[in-house]
Amino acid sequence: MTTETERAYSDNVRRLSPSATIAVSSLATELRARGRDIINLSAGEPDFPTPDFIRTAAVAAIQAGHTRYTPAAGLPELREAIAGALARAHGADTTPGGVVVSAGAKQALFNALFVLTGPGNRVLIPVPYWTSYPEIVQLARAEPVPVRGPEGRGYRVGPEELEAAWDPEVRAMILNSPSNPSGSVYRLDELEAIARWARDRNVWLISDEIYARLCYTADRAPGLLDLPAELRERAVVINGASKAYAMTGWRIGYSYTDPALAGELSALQSHTTSNAATPSQHAALAAFTASAEQEQELEAMAAEFRGRRDLVVDRLEERLPGTGYVAPEGAFYLFFRADRWYDDDRPDSVSLCTALIEEAEVALVPGSAFGDDRYVRLSFAASREELEAAFERLGTALGSHGG
């Protein structure tokens with residue numbers, strides 16, 4: 001039943017749901033504060049400190065008085081550094097005019113969807129998806145349309161699945177590679193096939209590449225900027241500093257697109273948040289202009305995530321044999337089947353995860369938050385000791401329930 005208070009809310013937010021990942025992480029933090037020994041494997045952020053050279057740059061910027069407004073699209077030198085980093089990574093011609101720096105990649109996604117879509121439009125979203133994608137689409141008054149790829153392909157979609165979901169109201173599609181929550185990575189030929197389909201159907205491609213540097217099949221995951229220029233005319237690349245540089249709290253993301261569209265994104269941002277925090281931009285400038293020696297620190301983080309990926313896959317197969325999962329090729333998540341443990345008391349992923357927090361003191365995220373209630377997500381952005389202990393507990397708790 002709708003209450004009088006709820007009727008007072010705008011249609012802009014009436015359908016929104018809180019972030020499930022933040023809700024689980026908050027519950028884990030609350031239980032820890034009560035003295036419970038909770039192993040929190042729900043959070044989507046690196047457990048490493050921000051590298052010292054980045055922190056030092058921020059402190060120096062503050063001491064130098066760099067605390068005033070910047071242009072809405074970001075510091076010119078930061079936009080130039082990001083364009084240069086993209087050019088080196090992809091071998092593409094880039095321009096600082098295509099870069100808009102935002103308060104996190106989430107804002108860059110909001111900017112793109114709000115500018116490119118609206119009432120009556122539909123946006124294709126591959127399943128499983130990051131929990132915020134459908135909510136951001138709804139904030140733009142558009143309709144999220146889930147699209148599922150084949151399990152044997154890591155649920156990656158292709159033109160066949162996209163065409164089956166297409167109608168004339170489809171305005172955009174969101175790509176995410178490496179994927180949160182599955183860790184699946186799109187191959188370059190798969191991206192090209194999708195881009196050709198999108199060009200033929202006049203669909204905008206919004207590619208969230210925030211985990212691109214955390215890839216276990218190559219130095220980085222392929223992205224839209226690796227494609228021929230004619231396939232990138234209706235594309236927006238989303239990225240940022242949060243994951244690969246361990247800078248989640250600094251809130252620095254960016255979009256890269258055609259400079260004309262970048263101007264529209266910047267104009268929107270000028271009326272919402274204006275510029276991202278100025279000291280954070282100076283910290284990001286150090287990140288995106290890292291020396292070869294400083295890059296080694298970033299590569300060491302990625303190598304540690306690779307080792308943890310191997311550990312959690314091995315422990316899943318040892319402690320919970322026969323459990324289906326998506327082989328993580330990037331990011332830092334293990335997305336595994338949990339429906340074998342559902343019963344009358346725990347009929348879905350939410351109730352199972354709630355029980356696991358209480359019984360095993362391990363916090364996971366229910367797959368329903370990502371569009372697939374059969375699964376749960378485990379973050380291996382935690383120490384190896386915590387991961388080992390977590391699988392001991394999960395093996396005991398779930399093993400005792402059969403499956």
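**Figure 1. The largest pocket of the predicted model.** A pocket is an open set of grid points, at which a 1.4 Å probe fits, with protein on both sides within 12 Å along at least five of seven lines. In this predicted model, the largest pocket has a volume of about 780 Å³. Its lining is made up of 31 residues, and those that lie nearest the centre are Ala89, Arg213, Arg220, Tyr245 and Glu295. Helices α4 (76-90), α10 (278-288) and α11 (292-319), together with strand β7 (235-240), each supply at least two residues of this lining, and α11 gives the most, with 6 residues.

Figure 2. The volume of the second largest pocket is about 680 Å³. This pocket is lined by 31 residues, and Gly44, Lys106, Trp130, Lys243 and Arg251 are the ones that lie nearest its centre. Two or more residues of its lining come from each of α2 (20-33), α5 (105-116) and α6 (132-139). Here the lining divides into 11 nonpolar, 14 polar and 6 charged residues.

**Figure 3. Salt bridges between side chains.** Side chains of opposite charge can pair when their charged atoms come close. The structure holds 28 salt bridges, and one of them joins Arg34 to Glu30, with 2.3 Å from N to O. Arg34 is exposed, at 59% relative accessibility, while Glu30 is partly exposed, with a relative accessible area of 39%. A salt bridge also forms between Arg308 and Glu304, whose closest N and O atoms are 3.1 Å apart. These two residues stand 4 residues apart in helix α11, so about one helical turn separates Arg308 from Glu304. Arg308 counts as buried because its relative accessibility is 4%, whereas Glu304 is partly exposed at 21%.

Figure 4. The closest N and O atoms of Arg122 and Glu143 are 3.4 Å apart in a salt bridge. Because Arg122 lies in strand β3 (residues 122-127) and Glu143 in strand β4 (residues 143-148), the pair ties together parts that are 21 residues apart in sequence. Arg122 is buried, at 17% relative accessibility, and Glu143 is partly exposed, with a relative accessible area of 40%.

Figure 5. Tyr211 and Phe332 form an edge-to-face pair, with 5.4 Å from centre to centre and 85° between the planes. This pair links distant parts of the chain, 121 residues apart, with Tyr211 in the loop between β6 (204-208) and β7 and Phe332 in the loop between β9 (325-326) and β10 (333-337). Tyr211 and Phe332 are both buried. The pair of Phe335 and Tyr375, by contrast, is stacked, with its centres 4.5 Å apart and 10° between the planes. Phe335 belongs to strand β10 and Tyr375 to strand β13 (residues 375-379), so this pair ties together parts that are 40 residues apart in sequence. Phe335 is buried at 0% relative accessibility, and Tyr375 is buried at 1%. Ring pairs also link Phe48, Tyr211, Phe305, Phe332 and Tyr333 into a cluster. Elsewhere, the charged end of Arg201 sits over the ring of Trp166, at 3.7 Å from the ring centre.

Terms used: Residues are numbered from 1 along each chain as its sequence is written. This is a predicted model: local features need pLDDT of at least 70, side-chain atom pairs count only at pLDDT 80 or more; totals for chains, interfaces and linings use all residues. Side-chain values use heavy atoms; hydrogens and water are left out. On a 1 Å grid over the protein atoms alone, a cavity is a set of points where a 1.4 Å probe fits but cannot get out, and a pocket is an open set with protein on both sides within 12 Å along at least five of seven lines; lining residues have an atom within 4 Å of a point. Grid points are joined across faces, edges and corners, and a volume is the space filled by probe spheres set on the points. Ala, Val, Leu, Ile, Met, Phe, Trp, Tyr, Cys and Pro count as nonpolar, Asp, Glu, Lys and Arg as charged, and the others, Gly among them, as polar. A salt bridge is a side-chain nitrogen of Lys or Arg within 4 Å of a carboxyl oxygen of Asp or Glu. Buried means under 20% relative accessible area, exposed over 50%, partly exposed in between (1.4 Å probe, protein chains only). Rings of Phe, Tyr and Trp (its six-membered ring) pair if their centres lie within 6.5 Å; planes under 30 degrees apart count as stacked, over 60 as edge-to-face and the rest as tilted. A charge sits over a ring if NZ of Lys or CZ of Arg is within 6 Å of the ring centre and within 35 degrees of the ring normal.
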